[in-house]
Amino acid sequence: MATKSNSTKTSSSKKGKMNLKDIPFSKERLIELFRQMLLGRRFEEKCGQQYQMKKFSGFCHLYIGQEAVAVGSIAALEIGKDYVFTTYRDHVHALILGISAKEVMAELFMKRTGSSHGKGGSMHFYNGKTRFMGGNGIVGGHTPLATGAAFASKYRGDGAVALCYMGDAAVNQGTFHESLNMAGLWGLPIVYIVENNIYGMGTSTERSCAQPELWKRTGDAYNIPGRQVNGMDMLEVYEATRQAVEDARNGQPVFLEMLCYRYRGHSMSDPATTYRTKDEVGQWRMKDPIERLKEQFPTVFTESMVKDMEEEIKQEVADSIKFAEDSELPELSDIWTDVCVDYPGYPGREASDNKYEFPYEQLENAKK
Ligand SMILES: Cc1ncc(C[n+]2csc(CCOP(=O)(O)OP(=O)(O)O)c2C)c(N)n1
Ligand SMILES: [Mg+2]
């Protein structure tokens with residue numbers, strides 16, 4: 001049963017130097033998390049470039065600037081057990097959750113070797129093994145799905161938590177309010193993370209939200225404590241999510257507002273020059289999450305160490321582009337595959353020996 005909730009505004013971030021002994025993971029793990037942010041950044045810079053070179057088309061929303069949110073929060077999960085749902089701004093989440101740079105790039109290039117076999121594209125990454133449930137294009141559309149996963153987890157009693165990212169524009173959707181009502185009422189194991197980058201396309205939260213301090217909106221209304229987090233600080237994101245996940249596993253859903261910023265436009269078709277100033281972008285760039293981690297641990301992230309990592313990542317991204325270019329486009333017959341779990345009888349498809357069976361027995365046991 002959910003406990004009485006209080007909303008809090010937290011700010012434990014430190015800008016200056018930090019000590020390795022003051023953080024909750026090893027030096028190796030810290031380096032791994034830094035690498036995830038750097039790979040995300042360099043990968044996406046190349047995505048933008050490849051898009052402009054017309055190597056691929058369609059929707060493409062870059063995450064540049066927001067890396068600390070995905071990296072710090074996913075680090076607090078039990079990968080493979082907990083569920084992750086996110087929006088269309090999903091390339092970096094995919095890279096962290098076990099989809100290789102090659103498979104992400106090939107998917108963007110709409111190639112058969114992509115993680116969704118070239119049929120999903122930029123907004124639809126998915127990885128069953130790590131319980132990454134996408135990549136969803138409808139604003140607020142996945143909040144009920146994530147809430148359903150949390151409900152299933154509670155019903156089965158398997159201890160999994162669902163992490164549900166969304167943009168600031170999603171909090172004004174009906175689906176958001178319906179989902180939070182149920183999560184708060186039933187004490188579901190879910191953490192909602194709003195990546196508040198201050199804009200939904202070109203509309204600021206000030207212009208679209210009756211209460212733009214989003215963390216204040218869920219405590220009294222839904223019995224879900226809201227906490228505000230510096231989304232430009234990977235360590236602060238980690239700590240806030242770790243605490244929230246612990247609460248959620250104990251039946252107390254949590255809402256985290258992560259303050260962050262996208263350096264690029266909403267999508268590749270948005271130059272982002274009409275609704276914000278250069279000065280504003282500059283101010284946020286000063287808070288860059290990658291530079292911040294370097295400043296926090298200068299003896300770990302030395303110039304030569306970062307240079308070597310940059311080289312390695314540059315190669316990894318270049319290899320992903322080559323792989324995507326060299327891969328084949330889907331065949332017309334591929335339209336029949338990946339539609340249902342099992343679909344014998346569809347043209348061009350053999351009956352699968354991997355039939356899906358509804359787990360009636362498991363459900364009956366769970367009810368006992
Ligand atoms: C229900 C719905 N309405 C409108 C759109 C078009 N749309 C796509 S992204 C977007 C803005 C969302 O902004 P936000 O939630 O803040 O996320 P961000 O893009 O900033 O990450 C809109 C209106 C949509 N995809 N779905
Ligand atoms: Mg936004």
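Colleague: How many other C-beta atoms lie within 10 Å of Ala272?

Modeller: There are 16, so Ala272 is partly exposed. The cut-offs are 20 or more other C-beta atoms within 10 Å for buried, 12 or fewer for exposed, and partly exposed in between, with C-beta atoms placed from the backbone. Bear in mind that this is a predicted model, where local features need pLDDT of at least 70, side-chain atom pairs count only at pLDDT 80 or more, and totals for chains, interfaces and linings use all residues. Residues are numbered from 1 along each chain as its sequence is written, while chains are lettered from A and ligands numbered from 1 in the order in which they are written.

Colleague: Where is Ala272, and which residues does Ala272 touch?

Modeller: Ala272 is in the loop between β8 (254-259) and α10 (278-285). Helices (H or I, at least four residues) and strands (E, at least two) are DSSP runs, numbered from the N terminus. Leaving out residues up to four places away in sequence, Ala272 touches Arg264 and Gly265; contact here means C-beta atoms, placed from the backbone, within 7 Å. Gly202 is 70 residues away along the chain, yet its C-alpha atom is 7.5 Å from that of Ala272.

Colleague: New topic: what surrounds ligand 1?

Modeller: Ligand 1 has 15 residues around it, and the closest are Val139, Gly167, Asp168, Ala169 and Gly200. A residue counts if its C-beta atom, placed from the backbone, lies within 6 Å.

Colleague: And how does that shell split by class?

Modeller: The shell has 6 nonpolar, 6 polar and 3 charged residues. Nonpolar covers Ala, Val, Leu, Ile, Met, Phe, Trp, Tyr, Cys and Pro, charged is Asp, Glu, Lys and Arg, and the others, Gly among them, are polar.

Colleague: Which residues touch the most other members in the largest nonpolar core?

Modeller: Ala162, Leu163, Cys164, Ile190 and Val191, out of 88 residues. Such a core is a set of buried Ala, Val, Leu, Ile, Met, Phe, Trp, Tyr and Cys residues joined through C-beta atoms within 7 Å.

Colleague: What stands opposite Ala162?

Modeller: Ile190, in β4. Strands β3 (162-167) and β4 are paired in the parallel sense, over 6 bridges; DSSP has to find at least two bridges for a pair.

Colleague: How many residues of β4 are buried?

Modeller: In β4 (190-196), 7 of 7 are buried. Ile190, Tyr192, Val194 and Asn196 point one way, with Val191, Ile193 and Glu195 pointing the other.

Colleague: Over to α11, then. Which residues are buried there?

Modeller: In α11 (289-296), Pro289, Ile290, Arg292, Leu293 and Gln296 are buried. Down the helix axis they fall within an arc of 160 degrees, so they line one face of α11. That arc is taken from the directions from the helix axis to the C-beta atoms.

Colleague: What does that buried set pack against?

Modeller: The buried residues of α11 pack against α1 (27-52), α2 (67-74) and α9 (234-249).

Colleague: Last one: what phi does His117 have, and what about Arg131?

Modeller: His117 has a positive phi of about 55 degrees although it is not a glycine. Arg131, also not a glycine, has a positive phi of about 55 degrees. His117 is in the loop between α4 (101-108) and α5 (143-156), and Arg131 lies in the loop between α4 and α5. His117 is partly exposed, with 17 other C-beta atoms within 10 Å, whereas Arg131 is buried, with 22.

Definitions and conventions
Contact = placed C-beta atoms within 7 Å.
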